[in-house]
Amino acid sequence: MHSSTLFITLAAALGLVSAAPTDNTYNPTKTYAAPRTTHTVVAGRGGRLIFDPDNVVAKVGSIVEFHFNPLNHSVVESSFGKPCQPKDANSFFGGFFPVREGQSGEVFQIEVKDTRPIWFYCAQNNGAHCQSGMTGVVNQIFDRQEFSLRAHRELAAKVQEPSGVQAGIQGGWRIPNPNPLGGF
Ligand SMILES: *[C@@H]1O[C@H](CO)[C@@H](O)[C@H](O)[C@H]1NC(C)=O
Ligand SMILES: [Cu+2]
């Protein structure tokens, strides 16, 4: 065996280079990032109708992880101009998280897929949570005050209809809390 062939064969065996690309092999056109940043948001912190924090700055590819305090909150994706309603058929919805004390054993994670603002609200109509200000945003455009979270809340306060939900959980991952001792 020629020595360079031997090297390639050994290197392939050791996983240093891939021999022939198959569907499972390393794909150089894809980004294999380091562990992703997770931004935690707590719904209902302190028994209040809030998301905390409600204004998140998150890089593309990072995760926003919603935790749920009492009593029965939810999270749905909306749009700036139409608060308390799903943005469209693909908008994420984590379902409801009834919890009497502490925090729900489950969280809802979404991925930040691009740099556009992501508006969200709690769809609990028992107490009109969204209309009362239980809304938030990821990546607000800070130099456009007309599209601020505060302006969005002013619109939400005027919504007469009940908040909308999706038919089922979608657009993210509802999973057991990966860090149950993390507080909240
Ligand atoms: C939580 O709220 C949703 C929506 O209002 C409701 O359908 C569900 O029954 C509630 N769950 C509990 C346990 O109260
Ligand atoms: Cu709520």
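Reply: A residue counts as near a molecule here if one of its heavy atoms lies within 4 Å of it. Keep in mind that this is a predicted model. With that cut-off, the residues around ligand 1 are Asn72, Phe96, Pro98 and Gln124. Sorted by class, that shell has 2 nonpolar and 2 polar residues, and no charged ones. Asn72 puts a polar side-chain atom 2.4 Å from an oxygen atom of ligand 1, and Gln124 has a polar side-chain atom 2.8 Å from an oxygen atom of the ligand. As for cover, ligand 1 taken alone exposes 360 Å², and the protein buries 38% of that.

Now for the metal. The copper ion (ligand 2) is held by His73 through ND1, Cys122 through SG, His129 through ND1 and Met134 through SD, at 2.0 to 2.7 Å. The angles among these 4 donor atoms run from 91 to 129°, and the site is tetrahedral. Along the sequence, the donor residues follow the spacing H-x48-C-x6-H-x4-M. Two of the donors, His129 and Met134, are both buried.

There's also a cysteine pair worth a look. Cys130 forms a disulfide with Cys84, and their sulfur atoms sit 2.1 Å apart. The count of disulfides in the model comes to 1. As for its hand, the torsion about the S-S bond of Cys84 and Cys130 is about -85°, so this disulfide is left-handed.

Note on methods: Residues numbered from 1 in each chain as written. Chains lettered and ligands numbered in written order. Predicted model: local features only at pLDDT ≥ 70, side-chain atom pairs only at ≥ 80, totals over all residues. Heavy atoms only, no water. Polar contact = N/O pair within 3.5 Å; in protein donor to acceptor, adjacent residues only side chain to side chain. Areas by Shrake-Rupley, 256 points an atom, 1.4 Å probe, with all protein chains shown as cover. Nonpolar A, V, L, I, M, F, W, Y, C, P; charged D, E, K, R; others polar. Donors = N, O, S within 2.8 Å, 3.2 Å for Na, K, Ca; no water. Tetrahedral: all angles 85-135°; square planar, octahedral: opposite > 155°, others 65-115°. Buried < 20%, exposed > 50% of the residue type's maximum accessible area, 1.4 Å probe, protein only. Disulfide = S-S within 2.5 Å.
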